[in-house]
Each structure stands twice: as structure tokens, then as C-alpha cells.
Amino acid sequence: MRRAAIVCASGALCAAVAALSPAPGAALPRAAAAGSPALSYSHDSSRVVQRQPPAGSCHARGRGLFALPDARCTPGALDPAVRQRTIYATICRPGWTETVRPPESVSEREKYASMAAYGVRGSASRYEYDHLVPLELGGAPNDPRNLWPELDYARREGYDLNPKDQLEYNLNRRVCAGTMTLARAQLLIARDWVAAWRRYG
């Protein structure tokens, strides 16, 4: 397996990438393991830096604004605190997502290792460390199966919002209005957010 190179902003960040990526030949973490198409609940702590798949092992499908993550590396994962019965105490409550979002001290280290996993080069500022199933739809806050480096240049391309962000907002509104179940919204965005955007974005 070819290990992709990544340009790091500092020696410390390069060291972080090396520390978070398994050695060649090591077993892949859960983020890269093949499994059921059903979404799993995660108990990974938002306060602990999580290991990412090996460098160069993940490959985005498509390009630009409408790229999809590698379904093997990033199939999506869910927050067990968010269920259909709890949506009004969680995702439908203003400000709730900020209470579960990992701190930058955790997510920044993971982001560089995730960029290496996807073979992404260049400035980290060009990428958003994106939750495939967003926090506002009950996505796992800090599970490698639910995070990937998404190119973030929507405004430069003439969009007011990243198309995926538009979809996330619209699906959250539908779930909170009771016109779509939480489980359906989660599966739509995890399986193919681009197809879901064409219908609901």
C-alpha cells in the first residue's frame, strides 16, 4: 500500500500525523474497517484524540464541492444521546451542538492525520474537518468513522453556503418539524449526501 505524503505546517504537526496513523501492516481502526451498511452508535470521547486510518488508505469519490468520502473509511457514526425521542432536548435545541463539539486541541490534530489518510496535500485551512452525519442530525462528535477532510471553498465558487451545509440545515428543519424521521435523515446524508442534496438541498 502506497503511503501518501502530506505537507505539514510544522514539525510538531508532522509528528502528530505520525503518532495518529497506525504503522504499516497494523490493523485498521474501526474507521477503516468494512462492516454493515447500517450506522453504528459511537462512544468515542470528544476529549481524546482518536486514531485515524493509515496515510493514503482513503480515497474521496468525486471532486470539489460535491466530493463524497470513502465509504470504507468514513461510513458515518451516531451519537447515542440523540434518538427520535430526544431530538427536542438535543438537536432541535439552539446551541446544543456546541455542547458536544470536540475542542480544537483535539480536532486539529485529528484533522492533519485525516488529511494524510485521504492523501490530501496543502494548507489545512482549505479543508473543513467535516462530520459526515452532522452534529445537528445526531452524528458522532469525535469518531473517525464520521469525520473526513472536506474541501471548503464554497464562497469562492459562488455559493452562500457549502451545499452540504445547506442540506444539513434543511434536514434538521424537517426532523424538528416532524416531517422526516431522524433515522431517515441520517441515512440519506451518510449514504450519498450529494443525491440527498439534489432532492432536499
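The largest nonpolar core of this predicted model has 27 residues, of which Ile 91, Val 133, Leu 137, Leu 167, Leu 171, Val 175 and Ile 189 touch the most other members. Such a core joins buried Ala, Val, Leu, Ile, Met, Phe, Trp, Tyr and Cys residues through side-chain atoms within 4.5 Å, buried being under 20% relative accessible area with a 1.4 Å probe, protein chains only. Two or more residues each come from α2 (96-100), α4 (163-177) and α5 (182-200), and α5 gives the most, with nine. Helices are DSSP runs of H or I, at least four residues, numbered from the N terminus.

Beyond its neighbours within four places in sequence, Leu 171 is in contact (heavy atoms within 4.5 Å) with Leu 137, Met 180, Ala 185, Ile 189 and Tyr 200. A separate second core, of 12 residues, includes Val 120, Tyr 127, Trp 148 and Leu 151.

The axes of α4 and α5 lie 10 Å apart, at an angle of about 135 degrees. The pair is therefore oblique. Axes are lines fitted to C-alpha atoms over the stretch in contact, with angles from 0 to 180 degrees between N-to-C directions; oblique covers what is left after under 35 (roughly parallel), over 145 (roughly antiparallel) and 65 to 115 degrees (roughly perpendicular).

| Helix | Residues in the α4 and α5 contact |
|---|---|
| α4 | Pro 163, Lys 164, Gln 166, Leu 167, Glu 168, Asn 170, Leu 171, Arg 174, Val 175 |
| α5 | Leu 182, Ala 185, Ile 189, Trp 193, Ala 196, Trp 197, Tyr 200 |

Residues are numbered from 1 along each chain as its sequence is written. Local features need pLDDT of at least 70, side-chain atom pairs count only at pLDDT 80 or more, and totals for chains, interfaces and linings use all residues, while side-chain values use heavy atoms, without hydrogens and water.

Notes: Buried < 20%, exposed > 50% of the residue type's maximum accessible area, 1.4 Å probe, protein only.
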